[in-house]
Every structure is written in structure tokens, then in C-alpha cells.
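Please look through the structure below before reading on. The text after it takes the parts in turn.

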There are 2 protein chains.
Amino acid sequence: MSRRPVIVIHGGAWAIPDKLATGSIDGVKAAATTGYRVLQDGGTAVDAVEAAIVVLENHPAFDAGYGSVLNANGEVEMDAVLMTGHNLQCGGVACVQNIKNPIKLARAVMDKTDHTLLVGLGSNQFAEEIGMEKVSTDDLVTEDAKAEWKEFMKFKTTVNVLFRNRDVKLSGCDTVGAVALDNAGNVAFGTSTGGITAKRPGRVGDRSGGYADNTSGAVSTTGHGESIVKVCLARQITFNMEQGLSAQEATEKALQSMANRVQGSGGAVTVSKDGDIGKHFTTERMAWSWIKDGQLHYGLNPGEDFSQAV
Amino acid sequence: MSRRPVIVIHGGAWAIPDKLATGSIDGVKAAATTGYRVLQDGGTAVDAVEAAIVVLENHPAFDAGYGSVLNANGEVEMDAVLMTGHNLQCGGVACVQNIKNPIKLARAVMDKTDHTLLVGLGSNQFAEEIGMEKVSTDDLVTEDAKAEWKEFMKFKTTVNVLFRNRDVKLSGCDTVGAVALDNAGNVAFGTSTGGITAKRPGRVGDRSGGYADNTSGAVSTTGHGESIVKVCLARQITFNMEQGLSAQEATEKALQSMANRVQGSGGAVTVSKDGDIGKHFTTERMAWSWIKDGQLHYGLNPGEDFSQAV
């Protein structure tokens with residue numbers, strides 16, 4: 001029995017409020033279904049990851065693309081990155097404005113430049129060069145995002161408040177991400193986010209967002225970006241797999257280590273080179289889904305694992 | 001005999017032309033001496049790293065701070081990052097313009113914000129907020145940098161040309177960096193660069209620049225940033241030390257692996273938590289220096305190791 005193809009999705013690890021629960025689950029299920037279809041049709045892992053993330057970026061429940069949160073200046077700045085595991089090619093954009101799908105621009109950075117990361121005005125200059133449509137900030141912002149921006153501007157250090165104070169249950173930090181294993185045995189990851197409400201302009205949280213290497217597997221991370229970068233969370237998970245841990249053990253161990261070392265909470269989804277799946281979160285909730293062998297699994301709260309045929 | 005304190009400096013790994021050889025060696029020696037003095041006076045590892053990098057940024061031979069290269073738009077965009085190994089705190093700026101010492105702004109991001117990376121206009125907005133002096137682009141640009149920009153604009157893909165074609169001997173890619181071990185046993189790293197001549201605006205090469213963790217040691221990387229990020233070079237070197245390799249073995253093995261896997265060349269300096277030193281480069285030259293036990297060592301070409309008392 002083939003263990004390929006596989007796709008795993010997350011919609012962000014944080015204290016997701018009840019009002020977003022149904023939308024988040026619907027979104028990650030739709031993204032998994034779209035990505036899986038690409039893989040079934042013979043598409044590459046990175047094609048599937050990109051297609052899945054476009055679904056999540058276009059969904060208002062998630063803080064990525066449409067639905068992104070506002071920074072301290074009241075603007076939308078988005079980050080996205082993807083990577084393919086057979087040759088370690090990667091592409092990313094950070095603090096890009098006024099485009100609908102940052103993951104598509106990240107893909108173009110990988111495919112059309114010899115750089116791996118373009119930030120700020122330079123990323124928008126590149127978007128113009130390749131003829132990517134410009135959208136207005138209003139086209140990216142939901143009424144919820146506007147309301148939360150007003151609420152968050154009361155705090156001085158939103159990043160720490162958001163992840164450490166469980167009484168503060170607002171949206172505004174749900175990075176989305178996907179990992180995939182295709183029929184040819186290649187892995188890929190992609191991650192996209194609007195960041196954290198009322199963040200400083202120019203802030204980049206997790207500057208890697210994940211890792212993908214055919215010799216171990218692929219990981220997409222979410223949560224407190226500043227903690228994730230300190231411990232190189234995604235690379236740690238792939239190192240753990242290289243040391244013989246399963247995808248699930250590798251993911252749990254690295255997230256626990258991050259909690260112990262820098263008191264940071266977050267989540268990750270992982271697929272090993274053999275198609276084994278890992279998913280774990282140390283936050284209150286994480287919307288996740290995966291499809292393998294024609295079965296769709298999904299959940300939101302700790303311990304949940306619902307399934308249905310695709 | 002105490003193995004502390006220790007400081008190790010690099011001035012960039014690439015095909016350094018003869019006209020810059022003496023200046024590069026003088027610069028790394030001066031930076032090591034400045035950093036070592038901070039450590040002898042009881043300063044922390046991150047204090048020493050910052051002081052050493054200010055010397056390198058202010059030195060015209062290096063592509064960092066004064067002497068930075070010009071991007072494709074003819075502007076200066078600089079990146080700098082530092083990290084302290086006892087709590088994994090880090091701070092960085094990318095694509096910042098019009099400040100004299102990016103490493104000082106990176107330090108301020110670490111000390112004064114709850115973020116770890118600010119990019120583009122947001123990093124300049126932060127510099128203004130903390131009252132950092134603004135300088136003109138002309139204050140950062142040497143006549144050499146201007147001449148090379150004109151030469152490089154003839155190429156379409158400068159990044160690959162520069163690192164793969166040994167016949168192209170121009171300056172414009174010498175990241176500077178430092179690692180240190182202080183009397184309290186803490187390690188730190190810092191890295192600063194003006195990037196690659198004629199790079200796209202907004203390009204960030206190596207988005208990590210190094211790694212520092214008291215449980216293993218500290219690393220500062222240099223070379224082809226796009227390759228370095230693909231293999232997480234600095235974290236790989238600290239993983240190699242965690243697996244029992246010496247600082248030198250860990251550094252050599254990771255750089256060789258990068259050459260094999262993504263055909264990328266570069267260099268790194270490393271200090272282990274016990275004060276052992278690693279330095280290696282797969283490029284033609286790398287200016288380096290270190291001080292330990294009152295002895296200054298330095299070199300530029302493969303196999304060189306000159307020494308003198310401090």
C-alpha cells in the first residue's frame with residue numbers, strides 16, 4: 001500500500017475563539033482537499049502546498065492574505081515562504097503589502113530570482129515586475145481585523161500578552177501552513193501570515209516558517225514567531241527525525257523543548273520522507289487537517305481526531 | 001589555565017582581491033583587539049561582539065556599514081543580527097538604510113522590543129524612535145563601491161556569478177562577523193553586511209547570520225547567503241558540536257556538506273562553550289582573527305596562521 005501522497009495543513013496555533021472555530025475547521029479541510037487533489041493529479045509537493053495555502057489566504061477566518069491583521073500603523077504587512085525538499089530551493093517575502101496571495105509571490109521569488117527572501121518595498125517592486133495584480137489594503141482587511149486592531153492598540157506589548165495571557169481571546173495570530181509528500185517522494189512546506197495585531201511595522205516573526213529536506217521530511221511552524229526563531233524550531237524537528245524519532249515524536253519533543261527553553265508556545269505540522277504525520281501544539285487550540293490513503297482527518301482542541309472519507 | 005575569554009572575527013569569505021588584503025587583515029585584527037578588551041574588562045560576550053562589529057562596520061575595506069555595496073537601484077541596504085547564548089535572545093534588522101552602525105540597531109531591537117527582526121522602513125522608523133542618528137547614503141558609500149556597482153550592473157545574476165566564477169574578482173560580498181565567549185561562560189554571535197552588489201532591492205541573503213547557544217557554542221557565517229539559509233548552516237554547526245565534534249570539525253563538516261548539497265561556498269567562525277575555536281572557508285580567501293590566552297592569531301589565505309602577542 002502506497003503511503004503517498006500526503007498533505008497536512010494547519011490554520012494557526014493560538015487561543016482560537018469559539019466564533020472562529022467552525023470557520024477554521026472548514027478552512028483547513030478545504031485546503032487539504034485542494035492540495036490533495038493537486039497531488040492525486042500528479043502535481044509536485046510544492047504545487048500542492050501553494051494551492052492549499054492560496055485557499056487559506058483567501059479564507060477570512062485566517063490571518064493570512066484576506067483577513068490579515070493590522071500593524072501598529074494600521075497597515076497590512078504579510079510574510080510567506082515555501083521550500084522544496086529535493087534541492088532545498090526556497091522563496092519568501094516579508095512585510096509585503098497590497099497583493100492578494102503572498103504565497104504566490106514567494107513561489108515567484110523561488111522560481112524567477114536567484115534570491116531566497118525579498119522584503120518590504122523590494123518585494124512589491126518585484127511583484128510589479130512580474131505583473132502581479134495590486135489590491136488595496138481595504139481588499140485585505142475584514143471588519144473583525146479592524147475591531148481587533150482598535151482593541152490591541154490599548155496594549156503596549158501585544159506579542160507577549162497574546163501568547164502568555166489566556167484571558168485575552170482575540171484573533172490575530174493564526175499563521176497558516178502546509179506540508180506535503182508527492183508521488184515522486186519529494187516533500188515541501190509553505191507558511192503564510194499577516195503577523196500579530198498591532199505589531200511594529202517591519203516586524204518579521206519566524207523568519208524561516210518551516211523546513212523541507214527529502215532526507216528527513218517537511219515542517220510548517222506556527223505560534224510565537226520570536227520564540228520559534230530562537231530555537232530554530234522547524235530545523236530542530238527535522239534533526240529529531242534524522243536522529244530516529246517519528247514525525248510525531250520529533251514534533252512534540254521540539255515544541256516541549258521550546259516551551260522549556262524560552263517559554264514559547266506554538267504548533268507545527270510535519271510529514272516525514274516516508275509519509276508519517278506529526279502534529280502538535282502547546283497553545284490552547286490549533287486547527288489542523290491531513291489527508292492520506294483517501295481519509296481526511298481534522299481537529300481543533302487537544303486530543304480531537306475526527307475523520308471522514310475524501 | 002582559563003580558556004576564557006575568547007573572541008573570533010571574520011571579515012567575509014570570498015575571492016578577496018589583493019588590493020583589499022592588507023586592509024582586511026588590519027581590520028579583523030583591530031576588531032579582535034577591541035572585542036577582547038571588552039571581555040578583559042568584564043564585558044559580556046554580546047557587548048564584545050557588538051564592539052568588534054562596530055570596528056568592522058566603520059572600516060572601509062568591509063561591505064558592512066561604511067563601505068557597503070549598492071543594490072540594483074543604487075541604494076545601500078544593510079542587514080545585521082546578534083544573539084546571546086544564555087537565553088537565546090536575538091535582535092536583527094534587514095534592508096535598513098541611512099544609519100551608520102546597523103549592529104547597534106540590531107542590539108536595540110533585542111534590548112528594547114519584544115520582536116527579533118525588523119525590516120525595511122519599519123527598521124528605520126524604530127531607529128528614529130530611539131533617536132539613532134540618520135546619515136546620508138553618501139556617508140556610507142566608498143568610491144570603490146560606486147565603481148563596482150557600475151561594473152556589476154552589466155551582469156544579470158550577480159549572486160551566482162560572484163560565487164561560482166573565480167575570474168570575477170571584485171569586492172562586494174564581505175559580510176563581517178564575530179563570536180565570543182565571556183568570563184561568565186556565555187557565548188554570543190553577531191553578523192553585519194551590506195549584501196551583494198547590484199542585489200535586488202529588499203533582498204535578504206542569510207536570514208539568520210549565525211547562532212548562539214550556551215549548551216554548544218556560537219557561530220557567525222559568511223558567503224553565499226542563499227546557500228547558507230537553505231542548509232541552516234550555523235544551526236548545523238552547533239548541532240555537529242552537540243553530536244560531539246570539535247568546533248573545527250563541526251565547522252569544516254557543515255561547510256563541506258553545504259558545498260556538496262547546494263554547491264554553495266562560504267565560511268564561518270565558531271567558538272564552543274569550552275572556548276575551542278573553529279574557522280573554515282570554502283571560498284578562495286577569508287580574513288579571520290582570534291584572541292585567546294593573550295595571543296592574537298590571524299590569516300587570509302588557506303593554511304595561513306600568523307600569531308603575535310596582544
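Predicted model: local features only at pLDDT ≥ 70, side-chain atom pairs only at ≥ 80, totals over all residues.

Two copies of a chain are in general related by a rotation about an axis and a shift along it. Here, chain A is superposed on chain B by a rotation of 180 degrees with 0.0 Å of shift along the axis, and the RMSD is 0.0 Å. This is the relation of a two-fold axis. Within chain A, A:Gly120 has the C-alpha nearest the axis, at 2.8 Å from it. The two copies use the same surface, since 100% of the contact residues of chain A recur in chain B.

Next comes the interior. In soluble globular proteins, nonpolar side chains tend to be buried together. The largest nonpolar core of this model has 74 residues. The residues with the most contacts inside this core are A:Val8, A:Leu233 and A:Val271, along with B:Val8, B:Leu233 and B:Val271. What does A:Val8 touch, not counting residues up to four places away in sequence? The list is A:Gly177, A:Ala178, A:Val179, A:Val269, A:Thr270, A:Val271, A:Ile277, A:Ser289 and A:Trp290. One of these, A:Val271, is itself among the core residues with the most contacts.

The buried residues are A:Leu233, A:Ala234, A:Arg235, A:Gln236, A:Ile237, A:Thr238, A:Phe239, A:Asn240 and A:Met241. Within chain A they pack against strands E7 (210-213), E8 (217-223) and E9 (266-272) and against helices H7 (225-230) and H9 (247-262). They also pack against helix H8 (233-242) of chain B. After H8(A) comes A:Gly244, with a positive phi near 110 degrees.

A:Ser216 sits in the loop between E7 and E8 of chain A. A:Ser216 counts as buried because its relative accessibility is 5%. Leaving aside neighbours within four places in sequence, A:Ser216 is in contact with A:Thr238, A:Met241, A:Glu242, A:Ser272 and A:Lys273. Of these, A:Thr238 and A:Met241 are among the buried residues of H8(A).

Eight of the 11 residues of H3(A) are buried, so the helix is largely enclosed by the rest of the structure. Those buried are A:Pro102, A:Ile103, A:Leu105, A:Ala106, A:Arg107, A:Ala108, A:Val109 and A:Met110. They pack against H2, E3, strand E2 (78-84), strand E4 (117-119), helix H4 (120-129) and strand E6 (187-193) of chain A.

How is H3(A) placed relative to H2(A)? Helix H2 (residues 45-58) and helix H3 (residues 102-112) of chain A pack at an angle of about 150 degrees, and their axes are 8 Å apart. Angles over 145 degrees count as roughly antiparallel, so H2(A) is roughly antiparallel to H3(A). H2(A) contributes A:Val46, A:Asp47, A:Glu50, A:Ile53, A:Val54 and A:Glu57 to the contact, while H3(A) contributes A:Pro102, A:Ile103, A:Lys104, A:Arg107 and A:Met110. The residues of this contact comprise six nonpolar and five charged, with no polar ones.

Two backbone angles deserve a look. Most residues other than glycine have a negative phi. A:Cys95 is not a glycine, yet its phi is positive, about 55 degrees. A:Cys95 lies in strand E3 (residues 90-96) of chain A, and it counts as buried at 4% relative accessibility. B:Cys232 also has a positive phi, near 45 degrees. This residue is in the loop between helix H7 (225-230) and H8 of chain B, and it is buried, with a relative accessible area of 18%.

A:Pro5 is in the segment before strand E1 (6-14) and counts as buried at 7% relative accessibility. A:Pro5 and A:Asn186 are 181 residues apart in sequence, but 9.7 Å apart in space from C-alpha to C-alpha. A:Met153 is in the loop between helix H5 (143-152) and helix H6 (158-164). At 38% relative accessibility, A:Met153 counts as partly exposed. Not counting residues up to four places away in sequence, A:Met153 touches A:Ala72 and A:Ala198.

Conventions. Residues numbered from 1 in each chain as written. Chains lettered and ligands numbered in written order. Heavy atoms only, no water. Core = buried A, V, L, I, M, F, W, Y, C linked by side-chain atoms within 4.5 Å. Buried < 20%, exposed > 50% of the residue type's maximum accessible area, 1.4 Å probe, protein only. Contact = heavy atoms within 4.5 Å. Least-squares fit on C-alpha atoms with pLDDT ≥ 70 in both. Helix = DSSP H or I, 4+ residues; strand = E, 2+ residues; numbered from the N terminus. Axes fitted to C-alpha atoms, helices over the stretch in contact; angles between N-to-C directions. Parallel < 35°, antiparallel > 145°, perpendicular 65-115°, else oblique. Nonpolar A, V, L, I, M, F, W, Y, C, P; charged D, E, K, R; others polar.
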